[in-house]
Amino acid sequence: MIQPDQWREILHETILYGMLFKALALDAESLNQDQLKMSYRPMFDTVSMWAERKHHEYRSQFGRMGGKIHVQKTTDGFLYLVLVTVKGRREECIYNVSHLKAECQIRLNNYLYDAKQLAK
């Protein structure tokens, strides 16, 4: 059974993984200028694809809950505004950009830690 406000958690994860895969893709692209690209580019691509998959999973789950994202934007560099419709009701969600970045870092660290544990 879905809790009444569970859509907020799903939306939050959708946003986090969307930001993470885009940031990783940009970082990987910047390696094209560097001599280290042969060493690190495959790792960035793998992690970026993982984050993109997670983003799409959460976005699909949000859609199945009756949610649709209309606008996602940084308002002033400090706040991230998201406008959604959930089950016919318009909602505005505001996030702190610094907190989102920190949470992205946590997701990335957890992924890398889990990958390291599996490699042992």
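**Sheet, helices and aromatic contacts in the predicted model**

Strands β1 and β2 form a hairpin with 4 residues between them, and G77 in the turn has a positive phi of about 90°. Helices (H or I, at least four residues) and strands (E, at least two) are DSSP runs, numbered from the N terminus. The model is predicted: local features need pLDDT of at least 70, side-chain atom pairs count only at pLDDT 80 or more, and totals for chains, interfaces and linings use all residues. Residues are numbered from 1 along each chain as its sequence is written, and side-chain values use heavy atoms, with hydrogens and water left out.

The open sheet has 3 strands in the order β1-β2-β3, with antiparallel pairing. Pairing requires at least two DSSP bridges between two strands. The edge strands, β1 (67-74) and β3 (89-96), each pair on one side only. Neighbouring strands are turned by 20° against each other on average, direction ignored. β1 and β2 are joined by 7 bridges. Here V71 has L83 in β2 as its bridge partner. Strand β2 (residues 79-86) pairs with β3 over 8 bridges. V82 stands opposite C93 in β3.

Two helices lie across β1, β2 and β3. Helix α1 (residues 6-30) runs at about 50° to β3. Helix α3 (residues 97-119) runs at about 80° to β3. Axes are lines fitted to C-alpha atoms, for helices over the stretch in contact (heavy atoms within 4.5 Å). Angles run from 0 to 180 degrees between N-to-C directions.

The largest nonpolar core holds 29 residues; W7, L11, L20, F62, V82, V84 and Y95 touch the most other members. Such a core is a set of buried Ala, Val, Leu, Ile, Met, Phe, Trp, Tyr and Cys residues joined through side-chain atoms within 4.5 Å. Buried means under 20% relative accessible area (1.4 Å probe, protein chains only). α1 gives the most to this core, with 10 residues. Beyond four places in sequence, W7 contacts F62, M65, V84, V86, E91 and C93.

The structure holds 4 aromatic pairs. Rings of Phe, Tyr and Trp (its six-membered ring) pair if their centres lie within 6.5 Å; planes under 30 degrees apart count as stacked, over 60 as edge-to-face and the rest as tilted. The W7 and F62 rings have centres 6.4 Å apart and planes at 45°, so this pair is tilted. W7 in helix α1 and F62 in helix α2 are 55 residues apart. Both W7 and F62 are buried. Y17 and Y58 are stacked, at 5.8 Å centre to centre and 10° between the planes. Y17, W50, Y58 and Y111 form one aromatic cluster.

Methods
Buried means under 20% relative accessible area, exposed over 50%, partly exposed in between (1.4 Å probe, protein chains only).
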